[in-house]
Amino acid sequence: STTTYYSESTGGTLAGSQTFSYTGAAQNFTVPPGVSTLTVDMKGAQGGTGYPVYSTGGMGGRLQGTVSVTPGQVIQIFVGGAGGNATINTPGTAGFNGGGLGGTYPGSYGGGGGGGASDIRTPPYALANRIAVAGGGGGGGLNYFTNDYDRGGPGGGTVGQTGYGGNTQGGQGAGTGGSQAAGGIGGTFSGYCTATDGALGV
């Protein structure tokens with residue numbers, strides 16, 4: 001979710017707030033008269049679980065801060081969607097707004113989909129026009145024997161965190177987090193399969 005607080009530019013009094021929840025589409029917000037600063041509290045979405053032995057997806061990142069705006073300006077709020085859980089023969093679906101599709105391996109195995117980011121954009125509302133971003137969490141991997149040993153990496157910070165392999169963050173085969181300029185490196189499984197790498201905004 002994304003909560004936006006806005007205050008009058010004269011005197012700094014709190015003028016109001018609005019919470020945006022996931023809808024799967026961009027949501028418009030018109031900056032009220034006299035408002036030049038927004039205080040935001042944003043959360044990215046969680047990644048999905050892997051299959052057949054469940055490893056959960058990483059939690060999304062959280063961003064709290066202020067952004068400069070112009071009275072009357074229409075900004076767009078994108079609230080990220082959770083990554084889908086993998087099932088037999090089916091990878092987890094990509095979460096809305098930048099989540100990646102889960103990886104697959106022949107034999108009914110699959111990774112969870114990545115969680116989507118939550119962000120705020122100014123016109124013309126492209127990736128290059130984002131003024132605040134809370135990254136999504138990575139999808140969980142598959143594991144033959146132990147639940148939660150191959151968890152997805154959490155979002156957060158200027159670089160997303162690395163996933164888990166064998167219950168160790170950054171362990172064998174773990175994928176890496178994306179940065180402000182590029183996507184992360186996809187996870188691998190014992191040389192048999194490799195998830196697709198991320199890209200800017202994915």
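What follows is a walk through a predicted model, from its overall build to its charged pairs and one glycine.

Start with the secondary structure. The protein has 14 strands and zero helices.

Next, the dimensions. The C-alpha trace spans about 60 × 25 × 25 Å along its principal axes. The radius of gyration is 18 Å. A compact globule of 202 residues would come out near 17 Å, so the two values agree.

How is the chain packed? Of the 202 residues, 39% count as buried. Contacts reach across the sequence as well. Among contacts with a separation of 6 or more, 53% join residues 24 or more positions apart. The accessible surface comes to about 9600 Å². Carbon and sulfur atoms account for 51% of that surface.

Now the charges. The protein carries 5 positive and 6 negative side chains. The centres of the two sets lie 2 Å apart. Side chains of opposite charge can pair when their charged atoms come close. How many salt bridges does a search of the whole structure find? It finds two.

One of them joins Arg62 and Asp41, with N and O 2.7 Å apart. This pair links distant parts of the chain, its partners standing 21 residues apart. Arg62 belongs to strand 5, residues 62-68, while Asp41 belongs to strand 4, residues 35-43. Is Asp41 buried or exposed? Asp41 has a relative accessible area of 15%, so it is buried; the cut-off for buried is under 20%.

The other salt bridge pairs Arg121 with Asp119. Their closest N and O atoms are 2.9 Å apart.

Return to strand 5 for a last stop. Gly65 lies in this strand. Its relative accessible area is 29%, which means that Gly65 is partly exposed. Which residues does Gly65 touch, once its neighbours within four places in sequence are left aside? Gly65 is in contact with Leu38, Thr39 and Val40. Tyr164 gives a contrasting view across the model. Gly65 and Tyr164 are 99 residues apart in sequence. In space, their C-alpha atoms are 29 Å apart.

Methods. Residues numbered from 1 in each chain as written. Predicted model: local features only at pLDDT ≥ 70, side-chain atom pairs only at ≥ 80, totals over all residues. Heavy atoms only, no water. Helix = DSSP H or I, 4+ residues; strand = E, 2+ residues; numbered from the N terminus. Rg over C-alpha atoms; globule rule 2.2 N^0.38 Å. Buried < 20%, exposed > 50% of the residue type's maximum accessible area, 1.4 Å probe, protein only. Contact = heavy atoms within 4.5 Å. Areas by Shrake-Rupley, 256 points an atom, 1.4 Å probe, with all protein chains shown as cover. Lys, Arg positive; Asp, Glu negative; His and termini not counted. Charge placed at Lys NZ, Arg CZ, Asp CG, Glu CD. Salt bridge = Lys/Arg side-chain N within 4 Å of Asp/Glu carboxyl O.
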